[in-house]
Structures are given as C-alpha cells and as structure tokens.
Amino acid sequence: MDYRSPTTAKDAAGLLASDGAHVLAGGTDILVKLRAGFVAPRMLVDLKGVPRLRGIESDARGWRIGAATPCAEIGEHEAFAAAWPGVVEALQLIGSTQIQGRATLGGNLCNASPAADSVPALIAAGALCEVAGVTGEREVAVEQIITGPGRNALARGDFILGFRLPKPLARAGDAYLRFIPRTEMDIAVVGVGVSLALDAKGVCTHARVGLGAVAPTPLLVADAARALIGTRVNAAALEALVAAASAACRPIDDKRGTIAYRIKVAGVLARRAAVIALERATNKK
C-alpha cells in the first residue's frame, strides 16, 4: 500500500483518480475498515496537507469550513457556534471526545451513512459542498451528495474541499436532535435538523428541515418547511410539521427501531427541534 500527502487540490485529485486510491482525512472510518479487512487500498491519499481543507473562516457569503477540519476544532469556534448552534450540536454527537479530535465533516458526509449526525443539520442549514476533481471545482448541495447507504455522488478523483454555510439572517435559529437507545456513543434511530428565520412581526419567512436515519439517504423535507413558512410557528403549524416529517419517512425495521416507531419519532423530534430553533431565533440579538 502506497501513502501520498499532496499539497494542492490538483495533485490530490490526480492521485485519487488512480485505481484503488482511498481518501485519508480524519481516518476514523478508513482505518477501522482497513484493519477489519473491509477495504484494501492500493494508495492512501492524505488530504490534510492541502491548505484549503483545514480551517474555519467567515466572509461576505457566510462561513467556510475546510472539509478536513476536526469536529472538535469546529465545536470550539465560538463565533461559528453562535451562528449555527444546531450544526455544532450535531457534530458534537459524532463518536467520543477522542473521535471528535480526528473526525471531520467531510468524512462524516462521504462515508454516506443514512444516520450520519452532521448531515441533517447541514441540510437544514442550507450548506453547500465545494467539490474538487480532475476537471476543476464545483459547488453541490449537501443533500445531493449521498445516493444510498455507503454510496455518494463523487466521481473518481473527486473529493470535498470544504463546506459553505450562509450567513444567518437577523432573526434566525437552528437546532439538531436525535434519538438513540443509549445515552452516549450510539447511532441515531432518527435525527432531525431544523433551521428557520422570522420577520420583525415573528412570522416565519424561511425554513429548512433535514431528516436522518429514516430513508436510504438523509432527506431535505420541503413539505415540512412549507408547514412553518408564513406562520408564527404556532400549534397548528407544528402539527403540520409533524405530519409532513412523518410522511416523508421511508425507514426500515431493524434491531434499533421499527418502521412505525421511526415514523413516530421523526415527527416528535421535528416538533421539538423547531421549538428550539424558534426560541433561538426569537432571542437572537
């Protein structure tokens, strides 16, 4: 097995285009799979040497996070946590404290688990991926990356450089909640991210709802967002949100939850996350 550590996006894309090349970012997924014999890479391409893959920055567009920035580093960034608390809540649920010191948003997305915690929160935030490849760079919505369990839309040679999150509106809030059978270190039975914004009169003018672990891919639920927009996020709007979130679910039965249970929990968590997001938007200064 060969090991390469490129220092430019162009060189990284060229190496990843070769047969048998695998990305090494945080390593929390690939090293486990390698040791278990699930994968046998001919080449590991360590992306951490590409400068644009590390760091957290704000600019006129909003926020940019390098795809290989450790989750722990993102969680400790006070300004970003104030802007997008729901995203930070989600990434702080990825594994243990030790794992978060290595795990990355790019890896959590590209590993393509339907239950990945960061993904519904990123979808709710309207995040875009900066994707680099042998033909150049492009931006792709987070919800378009995962195509099925363990599968993503990246072509050979493609990798994620970073994530773009918009600047939150003046009266905006987001939240992420998940349900797990245990109190720590488990995989989501259901995960829900909600973001919303209010006008000066308290009417919801913008909303996005992301669901995880209830379908083969994480979902952007437009009907759930429409249930909130144009309302004061009152009881009737929340009931409509619950119905829309539950209706969007296409889960499976497994040892952690039945289809009926996941559908029910998705609606419950959507309501709770929306109430938290509303409180944050209302109290924002």
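Let's start with salt bridges: this structure holds 18 of them, where a salt bridge means a side-chain nitrogen of Lys or Arg within 4 Å of a carboxyl oxygen of Asp or Glu. In general, side chains of opposite charge can pair when their charged atoms come close. Before I go through some examples, please keep in mind that this is a predicted model, in which local features need pLDDT of at least 70 and side-chain atom pairs count only at pLDDT 80 or more, while totals for chains, interfaces and linings use all residues. Residues are numbered from 1 along each chain as its sequence is written, and side-chain values use heavy atoms, with hydrogens and water left out.

Here is one pair to find on the screen. Arginine 61 forms a salt bridge with glutamate 139, and their closest N and O atoms are 3.0 Å apart. Arginine 61 sits in the loop between strand S4 (56-59) and strand S5 (62-66), while glutamate 139 belongs to strand S7 (residues 136-141), so this pair ties together parts that are 78 residues apart in sequence. When I say helix or strand, I mean DSSP runs numbered from the N terminus: helices are H or I with at least four residues, and strands are E with at least two.

Strand S6 (residues 128-133) and S7 pair in the antiparallel sense over six bridges; two strands pair if DSSP finds at least two bridges between them. S6 and S7 form a hairpin, with two residues between them.

Now over to another salt bridge. The side chains of arginine 280 and glutamate 89 meet at 2.4 Å, N to O. Arginine 280 is in helix H11 (residues 259-282) and glutamate 89 is in helix H5 (residues 85-91), so the pair ties together parts that are 191 residues apart in sequence. Arginine 280 is partly exposed at 28% relative accessibility, and glutamate 89 is partly exposed too, at 25%.

One further salt bridge joins glutamate 143 and arginine 208, at 3.2 Å from N to O. This pair links distant parts of the chain, 65 residues apart: glutamate 143 is in the loop between S7 and strand S8 (146-148), and arginine 208 is in strand S13 (residues 204-212). Glutamate 143 counts as partly exposed at 23%, whereas arginine 208 counts as buried at 18%. There is also a network, in which salt bridges that share partners join Asp59, Arg64, Glu130 and Arg164.

On to the cysteines. How many disulfides does the structure hold? The count is zero, with a disulfide taken as a pair of cysteine sulfur atoms within 2.5 Å. Cysteine 110 is in no disulfide, and its nearest cysteine sulfur, in cysteine 129, is 7.2 Å away. Cysteine 110 is partly exposed at 23% relative accessibility, but cysteine 129 is buried at 0%.

Next, the aromatic rings. The structure holds two aromatic pairs. Rings of Phe, Tyr and Trp (its six-membered ring) pair if their centres lie within 6.5 Å; planes under 30 degrees apart count as stacked, over 60 as edge-to-face, and the rest as tilted. Tryptophan 63 and phenylalanine 80 make an edge-to-face pair, 5.5 Å centre to centre, with 80 degrees between the planes. Tryptophan 63 is in strand S5 and phenylalanine 80 is in helix H4 (residues 78-83), 17 residues apart. Tryptophan 63 is buried at 10%, and phenylalanine 80 is buried at 0%.

Phenylalanine 179 and tyrosine 261 are also edge-to-face, at 5.9 Å centre to centre and 75 degrees between the planes. Phenylalanine 179 lies in strand S11 (residues 172-179) and tyrosine 261 in helix H11, so the pair ties together parts that are 82 residues apart in sequence. Phenylalanine 179 is partly exposed at 28%, and tyrosine 261 is partly exposed at 37%.

Technical notes:
Buried means under 20% relative accessible area, exposed over 50%, partly exposed in between (1.4 Å probe, protein chains only).
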